[in-house]
Each structure stands twice: as C-alpha cells, then as structure tokens.
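Look at the sequence and the fold side by side.

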Amino acid sequence: VSITVHKADGLLEQDSSIDPYVKVTYRGQENKDLTFQTKYEAHTTNPTWNHTETVLLCNTMAPMRFAIYDKNWVTDTFVAQAELAGREFFMDGFSDSLLLEDGSNGMLHVTIRP
C-alpha cells in the first residue's frame, strides 16, 4: 500500500508559530501498530509535505491514524488528528480530505493506493 500525506489546511497555532509534521500509524505484521512520520514544515498553519511511504498492511479492517504534532526543542506538542477506517481505503484506495478532530475545521489531504 502506498500512503501519501499531501498537506494540511487550517491548523491551530499552539503559540507564536507552529512547525507541524504528521505521524501515520497503521497495522502491520503480527497485528502490531507501526508508525512513520513526515518531515516538519517550519512556521506554517498550512503545511505541504507530499511525503509518500510504501508499507505492508496486514490487518485490512484496522483504521489508519494521522496525528499532527508541532516540532519543539524539548517535547513535541499534539495539534490534531484524523482517522480513516480500513473499509474506506482497502479495496479501492482513498484520495480526499479528512476533517481534523481538533475543533478548528482543519483538513488533512491524503492519498492511499492499494
């Protein structure tokens, strides 16, 4: 499966600026959760990553989770998240926007190809 995290729109700023990146969690072999992440984009609430990873999904019904964090010197700060059910991408893929669950009406744009 090929997963592309394109961009986000309308992220909430945590302080004077935000340096967002995305952690993607999916179900791999032996039913274990695996994660990859994008690079961070400096000083923006509308980042563009265009980051693609090819992964092996072993549980087709498990959701894929997208968590956005603000990169900091000591501890990164959670910003927003979205989840996509396995049934929404496993057979035909997915290429659309996901509403971020943070109250900001922000969107995360992703493509998943089987």
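Histidine 43 counts as exposed because its relative accessibility is 60%, and the cut-off for exposed is over 50%. Keep in mind that this is a predicted model.

Where does histidine 43 sit? Find the loop between strand S3 (33-37) and strand S4 (48-54); histidine 43 is located there. Now check its backbone. The phi of histidine 43 is near 55 degrees, a positive value in a residue that is not glycine. Most residues other than glycine have a negative phi.

Move along to strand S4. Asparagine 50 belongs to this strand. Its phi is near 50 degrees. Here too the value is positive, and asparagine 50 is not glycine.

Next, turn to strand S8, residues 107-113. Is this strand largely enclosed or largely open? Of its 7 residues, 5 are buried, so strand S8 is largely enclosed by the rest of the structure. Buried here means under 20% relative accessible area.

Which strands pair with S8? Strand S1 (residues 2-9) is joined to S8 by 7 bridges, and the two run antiparallel. Strand S7 (residues 94-99) also pairs with S8, over 6 bridges and in the antiparallel sense.

Zoom in on histidine 109, a residue of S8. Lysine 7 has histidine 109 as its bridge partner. Serine 97 has histidine 109 as its bridge partner too. Trace both links in the model. They let you step from lysine 7 to histidine 109, and from histidine 109 on to serine 97.

Technical notes. Residues are numbered from 1 along each chain as its sequence is written. This is a predicted model: local features need pLDDT of at least 70, side-chain atom pairs count only at pLDDT 80 or more; totals for chains, interfaces and linings use all residues. Side-chain values use heavy atoms; hydrogens and water are left out. Helices (H or I, at least four residues) and strands (E, at least two) are DSSP runs, numbered from the N terminus. Buried means under 20% relative accessible area, exposed over 50%, partly exposed in between (1.4 Å probe, protein chains only). Two strands pair if DSSP finds at least two bridges between them.
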